Amino acid sequence: MCNETFFRWNVATNVLMALSINTAATVLGGGDTLSGWVQGCCCAFTVNTIAAVILPVGRIGAWFSQKVCHTKEAGFPEMLARNFIINAIYVTIVSFSMAVIHTGLGAHTIGVWLSTYFHLFFAGFVTSLIIEKPVAALIRDTDG
């Protein structure tokens with residue numbers, strides 16, 4: 001994947017994931033102001049984007065799906081396994097970062113983080129499965 005394609009994929013995917021996961025976190029937290037929700041989306045997008053640039057999550061997901069789960073490339077089982085591990089990495093990083101942002105790093109951080117983690121993982125996993133093909137098509141269309 002060339003740098004421009006990666007950039008487009010990264011932005012499109014991370015915007016949609018930030019909206020989805022932050023909305024789930026906001027609902028789980030009992031609601032928030034519009035400005036709080038927007039700030040949360042911006043923070044989640046930023047953390048996801050930085051993680052995507054630093055970590056080879058796509059390659060980790062492909063390795064997991066093909067070598068650990070023994071799935072065939074481009075099939076639905078491969079997409080499930082790949083998105084499972086990619087989502088686990090991103091949701092762990094983003095949800096923990098957001099817990100630290102909201103509570104500070106202290107005795108309650110792990111409890112706050114774990115109280116929402118599995119719900120956010122589920123929201124992110126479902127979102128990643130829904131958006132994968134449309135984002136791929138969008139990126140293909142813009143590559144012309």
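1. Helix α2 covers residues 34-54, 21 residues in total, and runs 30 Å from its first C-alpha to its last, close to the expected 30 Å at 1.5 Å a residue. The expected span is 1.5 Å times one less than the number of residues. Helices here are DSSP runs (H or I, at least four residues), numbered from the N terminus.

2. This is a predicted model: local features need pLDDT of at least 70, side-chain atom pairs count only at pLDDT 80 or more, and totals for chains, interfaces and linings use all residues. Residues are numbered from 1 along each chain as its sequence is written, and side-chain values use heavy atoms, leaving out hydrogens and water.

3. Which residues of α2 are buried? They are G36, G40, C41, A44, V47, N48, T49, A51 and A52, where buried means under 20% relative accessible area (1.4 Å probe, protein chains only). These buried residues pack against α1 (3-28) and α4.

4. Helix α3 (residues 57-68) packs on α4 (residues 76-103) at about 135 degrees, with the axes 8 Å apart. Axes are lines fitted to C-alpha atoms over the stretch in contact, and angles run from 0 to 180 degrees between N-to-C directions.

5. On the α3 side, the contact (heavy atoms within 4.5 Å) uses V57, G58, I60, G61, A62, F64 and S65. From α4 come E78, A81, R82, F84, I85, I86, I89 and Y90.

6. The 28 residues of α4 should span 40 Å at 1.5 Å a residue, and the 38 Å between its end C-alpha atoms agrees. G104 follows α4 and has a positive phi, near 80 degrees.

Definitions and conventions. Helices (H or I, at least four residues) and strands (E, at least two) are DSSP runs, numbered from the N terminus. Buried means under 20% relative accessible area, exposed over 50%, partly exposed in between (1.4 Å probe, protein chains only).
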